[in-house]
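My notes below follow the order in which I looked things up.

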Amino acid sequence: MKSQLSWKEYQALEFLTEPTANTVSKALSLRLKTRLNHIWQSLVAYFSTSTEPHVWRSEDSNGQVVWHAYDPVTNQSVQQASMDEMRVWLEDRHYQTCRRFQATQAAFRFLRMSRNA
């Protein structure tokens, strides 16, 4: 027995064929736009004198939002991360910075105490 397909189901099955030139063109255009955006953000991050991380978003070829970041202090970068992955990376960077700052403060205290002794 044949099942009755709705018009939308029929259209979805019909469009399982090869992608058209228009969809391929759109995908290539999106990929180029994403690459150019990434290059631009990398250049801005490189020439910037800020010590703050540079974070930006883009879309992958499927239209999903992905996040990128660059840390000028450590020269580390993250590419095509989810929002949760980006939050974890930023939190890790923050705590690493705090630990470095605390270690620097402790070293200065030690040097000051050594000089005064």
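**Helix α3 and its cover**

I started with the buried residues of α3, and they are Met86, Trp89 and Arg93. I note that this is a predicted model.

What covers these buried residues? I found that the cover includes β1 (54-59), β2 (65-71) and β3 (76-81).

Next I checked the length of α3. The helix runs over residues 83-116, which makes 34 residues. From first C-alpha to last, α3 reaches 49 Å. That is close to the 50 Å expected at 1.5 Å a residue.

**Arg87**

I then picked out Arg87, which lies in helix α3. Is Arg87 buried or partly exposed? I read a relative accessible area of 47% for Arg87. Buried would need under 20% and exposed over 50%, so Arg87 counts as partly exposed.

I also took one distance from Arg87. Its C-alpha atom is separated from that of Trp67 by 10.0 Å. Along the chain, Arg87 and Trp67 are 20 residues apart.

**The chain as a whole**

I stepped back to the fold. I counted three helices and three strands in the chain. Read along the sequence, they follow the pattern α-α-β-β-β-α.

How much of the chain is buried? Buried residues make up 15% of the 117 residues.

I looked at contacts between residues at least 6 apart in sequence. Of these, 22% join residues at least 24 apart.

For the surface, I noted that the chain exposes about 10,000 Å². Carbon and sulfur atoms supply 57% of that area.

**The largest pocket**

The largest pocket holds about 220 Å³ of space. Which residues line the largest pocket? I listed Leu30, Arg31, Thr34, Arg35, His38, Ile39, Glu59, Asp60, Ser61, His68, Gln79 and Gln80.

I sorted this lining by residue class. Two residues are nonpolar, six are polar and four are charged.

Which element gives the most to the lining? It is α2, with six residues. α2 spans residues 21-47. Both α2 and β3 supply at least two residues each to the lining of this pocket.

Key. Residues numbered from 1 in each chain as written. Predicted model: local features only at pLDDT ≥ 70, side-chain atom pairs only at ≥ 80, totals over all residues. Heavy atoms only, no water. Helix = DSSP H or I, 4+ residues; strand = E, 2+ residues; numbered from the N terminus. Expected span 1.5 Å × (residues − 1). Buried < 20%, exposed > 50% of the residue type's maximum accessible area, 1.4 Å probe, protein only. Contact = heavy atoms within 4.5 Å. Areas by Shrake-Rupley, 256 points an atom, 1.4 Å probe, with all protein chains shown as cover. 1 Å grid on protein atoms, 1.4 Å probe; cavity = no way out; pocket = protein on both sides within 12 Å on 5 of 7 lines; lining within 4 Å. Points joined across faces, edges and corners; volume = space filled by probe spheres on them. Nonpolar A, V, L, I, M, F, W, Y, C, P; charged D, E, K, R; others polar.
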